[in-house]
Every structure is written in structure tokens, then in C-alpha cells.
Amino acid sequence: MCIGIPGQIVALDENHRQHAWADVCGVQREVNIALVRKDDEPREAMIGCWVLIHVGFAMSRLDQHEAEEMLAALQAMGEVEQDVALFLTGEGQHALR
């Protein structure tokens, strides 16, 4: 199953300029922010942003309301789809940090 999941950027990676750490349902994951960070925007402006994450890449920005709605829908799916439940808890994909 291919799925994107909302996460909130909580820290920047000091060693890789295009990487940050996102909180996804309480698990911090390393994500590449190159696709969502504007060229003229300081990296620090990404902290607190909600992004849609797929295979380690932040694919698009979300507002908080969109992110919360998506997380609620995913959590409801997790009640019936075991692979979604594992993904939300960090067991379905290697969580870092």
C-alpha cells in the first residue's frame, strides 16, 4: 500500500541541509524537505509546518486542520487495516532518532 501521512516538522538536521525531523503520531522520523521548502525561505521557518510524508520525503505542505483530518481518517483505517496501524505506530517503517 502506498500512503502519505501527515507529520509536523520539529527539528532540523544539522548534518544535512535538506533534512529535518518530523513528528508522526509521536514518532520522530527523518524527512527530506527539499520539495516543500521555498528557495527564499530560511530553513528555520519549516519548524512547526505540517507536511505530507511519503517514503521519507515531505511531498507537500498542509495546514493544521487538513493534517488533523487526515490523521483521524488514518487512525480510523488503522482500526481495520493492520498495515496502517503498524505504520502509524512506527512499526511499519524504520523510525529514526
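I set the patch rule before looking: patches are made of residues with over 30% relative accessible area and no salt bridge, with like charges joined within 9 Å and nonpolar side chains (Val, Leu, Ile, Met, Phe, Trp, Tyr) within 5 Å. Areas come from the Shrake-Rupley method with a 1.4 Å probe, and for residues only the protein chains shown count as cover. This is a predicted model, where local features need pLDDT of at least 70, side-chain atom pairs count only at pLDDT 80 or more, and totals for chains, interfaces and linings use all residues. Residues are numbered from 1 along each chain as its sequence is written, and side-chain values use heavy atoms, leaving out hydrogens and water.

**Surface.** I found a nonpolar patch of about 410 Å², made by Leu 35, Val 55, Phe 57 and Met 59. Leu 35 counts as exposed because its relative accessibility is 55% (buried is under 20%, exposed over 50%, partly exposed in between; 1.4 Å probe, protein chains only). I placed Leu 35 in the loop between strand S3 (27–32) and strand S4 (50–54). Strands (E, at least two residues) are DSSP runs, numbered from the N terminus.

**Charge pairing.** I looked for salt bridges (a side-chain nitrogen of Lys or Arg within 4 Å of a carboxyl oxygen of Asp or Glu). The structure holds 1. Arg 61 pairs with Glu 41, their closest N and O atoms being 2.5 Å apart. Arg 61 lies in strand S5 and Glu 41 in the loop between S3 and S4, so the bridge ties together parts 20 residues apart in sequence. Glu 41 is buried at 12% relative accessible area. Arg 61 is partly exposed at 30%.

I checked Ile 33 for contacts (heavy atoms within 4.5 Å). Not counting residues up to four places away in sequence, Ile 33 touches Ile 9, Leu 12, Gln 18, His 19, Ala 20, Met 46 and Ala 58.

Key
Helix = DSSP H or I, 4+ residues; strand = E, 2+ residues; numbered from the N terminus.
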